[in-house]
Amino acid sequence: MGTHETTETTTQSSEEVDWETRLRYFLNSDFVRSSPFWGIPLFIMGVAVYGGMGFNIAISLTDARGLTPPDYSNLDLEMYGQVLGNEAFLTAAQNNLVLLVVFTTICLFLGLFLAILLDQGIRYNNTVQTIYLLPMSLSFVITAQMWLWMFNTNNGLLNIIVTTLGFEPVQWIGNPSIALGSVIFALIWQFSGYTMVVYLAGLRSLPDDQFEAARVDGASTIKTYLRIIVPQMKEASVSAAVVLMVFALKAFTFLYSLTGRYRPPNGTDILATLMVREAFKFGKWAYAASIATYLLILALGVIAPYLYYQYRQGSL
Amino acid sequence: MSQSTPDSTFDVASLVEDVSLKRIGQYVLVIVFIGFFLSPLQTGLMTAFKTNEAVARSIPLAPPSATGFTLGNLEFALEQLSGAFFNSLFMAIPATIGSVLFGSMAAYGLTMVRWRGQMAVLILFLVGIFLPYQAVLVPLARFWNNIFPLASMLAPTFGSLPVVQSYHANLVPLMITHIAYGIPICTILFRSYYQSLPSSLVEAAKIDGASISKIYRRVILPISKPMFGVVFIYQFTQIYNEFLFAFTLITGSDTPEAVVTLILPAVGASTSGVDFGIRMSASFLAAIPTLLIYVAFAEQFAKGLQTEGGA
């Protein structure tokens with residue numbers, strides 16, 4: 001912030017110049033000079049994400065449906081009430097919660113288990129890690145096709161195993177009471193590699209001497225992990241859980257590809273699939289927009305405590 | 001790496017030590033899980049090369065017999081997907097470059113300067129990663145169809161260009177949408193990398209009198225080459241694999257501009273059910289770009305995920 005301005009302030013001391021100097025100082029500050037770097041992306045992202053969200057809420061307050069444009073002159077919360085009174089919404093919300101809790105819990109435990117397993121000095125552990133993480137690189141559209149085939153009632157691999165063991169073939173997707181479980185199983189297949197990688201990073205950042213100290217004390221491997229290592233994985237668990245939960249809230253693509261197009265999914269309807277169906281099949285734009293707002297509130301309910309926790313920890 | 005030995009070291013002493021019941025148990029578990037993670041892929045791959053009759057008769061995991069082997073599925077699937085491949089790459093490559101570049105810029109602007117309210121801006125980016133896309137689908141469809149019909153504005157220009165057709169203009173709104181929604185995650189990935197750089201690096205350049213944009217071009221860009229690789233790989237995979245925005249912004253799987261993820265669920269479907277031979281061929285073809293990247297850069301891919309989880 002050159003010498004030019006400072007000489008100016010000392011020679012002239014009227015208030016107006018002082019103001020001008022401050023402006024110049026401001027324009028020369030890191031804040032303004034760095035603003036093109038963060039400002040442009042912030043603007044693009046802000047309009048698309050937050051502007052889009054505001055627009056969504058505006059539409060949800062109208063009665064827009066079909067091809068007619070939304071009429072913003074008569075805004076009310078009517079759609080929100082209608083949504084809450086609909087049984088399809090309540091079922092979808094319930095499925096969402098089941099998916100959220102069961103999927104996240106199993107993924108965390110399995111991921112932690114796999115991470116500990118691979119941290120035992122397994123040979124070729126990098127190759128094994130690559131194999132375990134492989135499903136994560138594939139599109140849900142693709143993995144859903146593979147699981148459709150795995151779940152196939154007549155020739156699917158799962159039923160070949162089941163019938164070989166002497167049981168009746170199972171309708172994995174066709175039976176509404178187990179369809180959600182099948183979906184969760186396939187999602188765990190795709191995501192446990194992710195939790196494993198997060199935990200492995202956590203395990204490998206721990207200093208070795210903790211293991212040594214525990215070994216000197218004569219603690220068994222299992223005890224060492226349960227008492228010393230796992231408690232330190234809290235932060236990795238929280239961040240992985242948040243990512244998984246947010247995914248569970250929007251597991252649309254997988255469900256849509258797996259349980260079919262626009263027909264109501266067989267016991268696997270979640271808010272995301274319900275919303276897309278109401279919007280893009282029936283053209284109930286305002287109604288769908290209000291379902292989306294409920295989904296948004298659920299997501300914020302997961303993210304907000306997480307961000308607050310991170311902020312308090314000073315790790316943002 | 002608490003107790004692990006590197007993959008390469010191999011000596012007899014450690015091998016002898018390794019032969020214990022516990023060790024054997026560990027390796028059995030490792031192999032069981034390899035089976036768990038690979039069996040849907042193996043099943044799919046084998047089915048891709050089987051005739052209809054072999055699909056119905058054989059065990060999905062087993063390779064096709066001499067009479068059950070066919071390349072017909074693959075040929076058919078390739079024919080169905082070739083246009084979509086071009087569309088996906090045409091959309092995903094610029095979208096990836098755009099979001100990665102903006103992400104790097106934003107991260108630079110948010111790590112090297114200190115000002116009041118910075119945390120608020122950062123939180124806007126962070127929250128942006130986690131928000132469900134459903135919350136913007138209705139506005140997005142309205143915006144690109146009614147308020148700002150960019151696709152139909154660009155169509156005549158695209159029609160007169162070489163290589164692309166006028167219908168490829170319909171991919172531009174999708175491309176821009178991916179750039180906008182990719183910015184938050186790219187920013188956070190770059191931010192954690194920039195935070196790990198020694199502050200003396202930027203300080204030294206500042207003392208030398210370099211401007212903020214000069215520091216970015218001369219110091220930060222060259223040093224963040226490896227991170228560009230990580231974010232590019234991660235982001236390309238995400239955009240190429242994405243379905244929901246494509247589904248919202250492109251009218252249907254039977255349109256010429258449809259991307260791979262949009263077409264795939266329709267390939268091999270008929271009134272009598274799904275032809276899994278064709279479907280599995282198409283699935284593997286669709287997976288090739290991301291599989292190649294993954295096999296070549298698995299470590300960078302994992303790194304992207306780790307940083308996201310630690311965000």
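Contact here means heavy atoms within 4.5 Å. The model is predicted. H5(B) spans residues 118–130 and has 13 residues. From its first C-alpha to its last it reaches 19 Å, close to the 18 Å expected at 1.5 Å a residue. Its buried residues are Gln118(B), Val121(B), Leu122(B), Phe125(B), Leu126(B), Val127(B), Gly128(B), Ile129(B) and Phe130(B).

H12(A) covers residues 234–249, and H15(A) covers residues 285–313. Their axes lie 10 Å apart, at an angle of about 165°. Angles over 145 degrees count as roughly antiparallel, so H12(A) is roughly antiparallel to H15(A). The crossing of H12(A) past H15(A) is left-handed. On the H12(A) side, the contact is made by Lys234(A), Glu235(A), Val238(A), Ser239(A), Val242(A), Met245(A), Val246(A) and Leu249(A). H15(A) supplies Leu295(A), Leu298(A), Ala299(A), Val302(A), Ile303(A), Tyr306(A), Tyr309(A), Gln310(A) and Gln313(A). By class, this contact of H12(A) with H15(A) holds 12 nonpolar, 3 polar and 2 charged residues.

H5(A) runs over residues 87–118, and H9(A) over residues 176–204. The two axes come within 6 Å and cross at roughly 45°. The pair is therefore oblique. H5(A) passes H9(A) in a right-handed crossing. The residues of this contact of H5(A) with H9(A) divide into 22 nonpolar, 4 polar and 1 charged. Val198(A) is located in H9(A). Its relative accessibility is 7%, so Val198(A) counts as buried. Val198(A) and Met136(A) are 62 residues apart along the chain, and their C-alpha atoms are separated by 13 Å.

Helix H8 of chain A comprises residues 157–164. Leu157(A), Leu158(A), Asn159(A), Ile160(A) and Val162(A) are its buried residues. They pack against helix H7 (140–150) of chain A and helix H2 (21–48) of chain B. Just after H8(A), Gly166(A) takes a positive phi of about 95°.

Phi of Tyr124(A) is near 55°. Tyr124(A) sits in the loop between H5 and helix H6 (125–133) of chain A. With 55% relative accessibility, Tyr124(A) counts as exposed. In chain B, phi of Val163(B) is near 65°. Val163(B) belongs to the loop between helix H7 (150–160) and H8 of chain B. Its relative accessible area is 66%, so Val163(B) is exposed.

Phe232(B) lies in helix H11 of chain B, which covers residues 225–241. Its relative accessible area is 29%, so Phe232(B) is partly exposed. Leaving aside residues up to four places away in sequence, Phe232(B) touches Thr96(B), Ile97(B) and Val100(B). Thr255(B) is 23 residues from Phe232(B) in sequence and 29 Å from it in space, C-alpha to C-alpha.

Key: Residues numbered from 1 in each chain as written. Chains lettered and ligands numbered in written order. Predicted model: local features only at pLDDT ≥ 70, side-chain atom pairs only at ≥ 80, totals over all residues. Heavy atoms only, no water. Axes fitted to C-alpha atoms, helices over the stretch in contact; angles between N-to-C directions. Helix = DSSP H or I, 4+ residues; strand = E, 2+ residues; numbered from the N terminus. Parallel < 35°, antiparallel > 145°, perpendicular 65-115°, else oblique. Left-handed = near helix turned anticlockwise from the far one by under 90°. Nonpolar A, V, L, I, M, F, W, Y, C, P; charged D, E, K, R; others polar. Expected span 1.5 Å × (residues − 1). Buried < 20%, exposed > 50% of the residue type's maximum accessible area, 1.4 Å probe, protein only.
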